[in-house]
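Thanks for making time this morning.

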Amino acid sequence: MKTFKRLPAIGAVIGLAAATAFAVGATTTHAEEPDVGAQQTVRTMEDLGRSVVAVRNGSSVFVSWRLLGLDPSGIGFNVYRSANGGAWTKLNSSVLTGGTNYTDTAANLAQANAYRVVPVVGGAEQTPSGSFTLSANHADEPVVRIPMRAGGPVKFTWTGDLDGDGEYDYVVDRQTSPQSIEAYTSRGQFLWSVNLGPNSTNQDNIEPGSATIDVGHWDGVTVYDFNTDGFADVALKFADGTVFGDGQTWTHADDNRQWIGILDGRTGALRNYVSIAQDYLADGPMAAQFGVGYLDGQRPSLIASMKNRQDSGGFNMMIAAYSWSGQNLTQQWKWNRGSTNAADGHNIRIVDVDGNGTDEVAHIGFVLNSNGTLRYSLADQGIQHGDRFHIADIDPANPGLEGYGVQQDNASGLREYYYDAANGQMIWQHTLEGTADVGRGMAGDVDPRYPGMEVWSFDGLYNASTNTLTEPDTSLRPWPQLGLWWDGDTSIELLNDGKLEEWDPLNPKPTNSLPRIETVTNYGAVKAAQGGPTLVGDLLGDWREEAVYTNAAYDQLIIFTTDKPTTTRLYTLAHNPEYRNCMTVHGYMQSHHVDYYLGSGMTTPPAPPITY
């Protein structure tokens, strides 16, 4: 029998009739200046280009581009086409001030068509964007294909602007023995590879080799511009025998010793390194999850969450933060869990949980402050290990961010829980008789009839703020895997085992019968770990998200990008602080979130507190 442990609610519950300035499908304006009064910090983020993308959709071409985080509120755009390398022709009759997308119904698809956009400010055209070319007689598909060298399977892809042109480039792993990573530009130009050497041949999920990456829920790689010079760096956990992109080999006598290095994103050369602290070296090498956070609110730091296994079967856990100045890689702080009752899960989230402008490091059962001290543990509220959790503005009527997580074999019967992310105060818990491994949990707005987001695992779809079932028949809840903003509204679509689907609250279907939008295998894509993509993120075009797969030959990245028009106008999610942090983290693949409420009935988000 299910029991619902309802704790004192934090904040008021928004009524269904509450009016907002942002309706589904409506055009919104963009705030001109960042509101930094409460945060007092401005973080330096990527100077991105417009990332124009064009895909064929039947007899027309769908074109979209980025609205940037600091674009002025009155900015508009003109769209231009060049056919077969000819003169640029403006396509729109009046300046576009709504959604940053355009459908070209007049293109001759038998010839190559290039597209670019020109911003318009105060009635005057500005510098044109870069262009994107759709080849002649291009396939009708919502896909951009990036060529790669032939190689082994890919589990994860990372993204960052390696070459400084304002567009995202790609770093992929190769799940061979030994392992390697490779870098490619946004157009598919091969840049470099790094061979991780003999210490990457032990690919055990729990106790991998000292240089092994991307097994189980571990990664050990991430990509970001850590010293804000305009060129993304590659952070890598490595060990003896690693051969870097410039041919240099790392030699050290102890195979268990490990280092974290910063690689030049353009060459793969090792620029500098720091030893991983040896507190637990006697128990062997440490596996790692990497991510990025702004611990001082201004400059990015590398976060490494690391574990190794004791002979007794227990685990040592260490979390450390590192800064890269462009010359020196420095450990900022280190936190050892030791005897602290603080439950970890299968990924980390790095987010400003209290809204003060600096990021915290969150696991499923605890949060560390930006200085590496324990902010809170949820252990005294019954939280133990679990697979998945989310931190987002789940309830827009409640100030700040909320968390939602699921549990694995909690002895109390606890299945899922919902809490205030700033202080860990529990809002509600769902408990059943017996124990269960609740392996999936999801948060996102899929039912516009209720305020805020829904949360769900396997026991029904709940509106988080009201703790009520939005669909009384619990068997009709969707599968709790990944969310993806894809179509024209602000609620999420669902990405499950290579199927892009939509749950309709007015016509709910069981998990295996949801209306299908796309199936990735229809376009030659193969599924990676746990049936998922190698990367999800706002990589191209407007604010909707992309999902990255490979083909079966592993010589092509297949980037799925929307072909659905929208009038919704939002700045690129990659300029949102929480979202961009999420893009740097892998582990068990989970949905990304922004630090404002993005869903039906949303209000216009403020401009982000950033500078380029």
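**Rings, charges and a sheet**

Let me start with R266, whose charged end sits over the ring of F231, 3.8 Å from its centre; a charge counts as sitting over a ring if NZ of Lys or CZ of Arg is within 6 Å of the ring centre and within 35 degrees of the ring normal. The charged end of R349 likewise sits over the ring of F389, at 5.8 Å from the centre.

Before going on, please keep in mind that this is a predicted model, in which local features need pLDDT of at least 70 and side-chain atom pairs count only at pLDDT 80 or more, while totals for chains, interfaces and linings use all residues. Residues are numbered from 1 along each chain as its sequence is written, and side-chain values use heavy atoms, with hydrogens and water left out.

Turning to ring pairs, rings of Phe, Tyr and Trp (its six-membered ring) pair if their centres lie within 6.5 Å, with planes under 30 degrees apart called stacked, over 60 edge-to-face and the rest tilted, and the count comes to 18 aromatic pairs. Y224 and F226 have ring centres 6.1 Å apart and planes at 65 degrees, so this pair is edge-to-face, and both residues are buried, meaning under 20% relative accessible area with a 1.4 Å probe and protein chains only (exposed is over 50%, partly exposed in between). F238 and F244 belong to one aromatic cluster with W250, W259 and Y273.

Finally, there is an open sheet of 4 strands in the order β36-β37-β38-β39, with antiparallel pairing; strands are DSSP runs (E, at least two residues) numbered from the N terminus, and two of them pair if DSSP finds at least two bridges between them.
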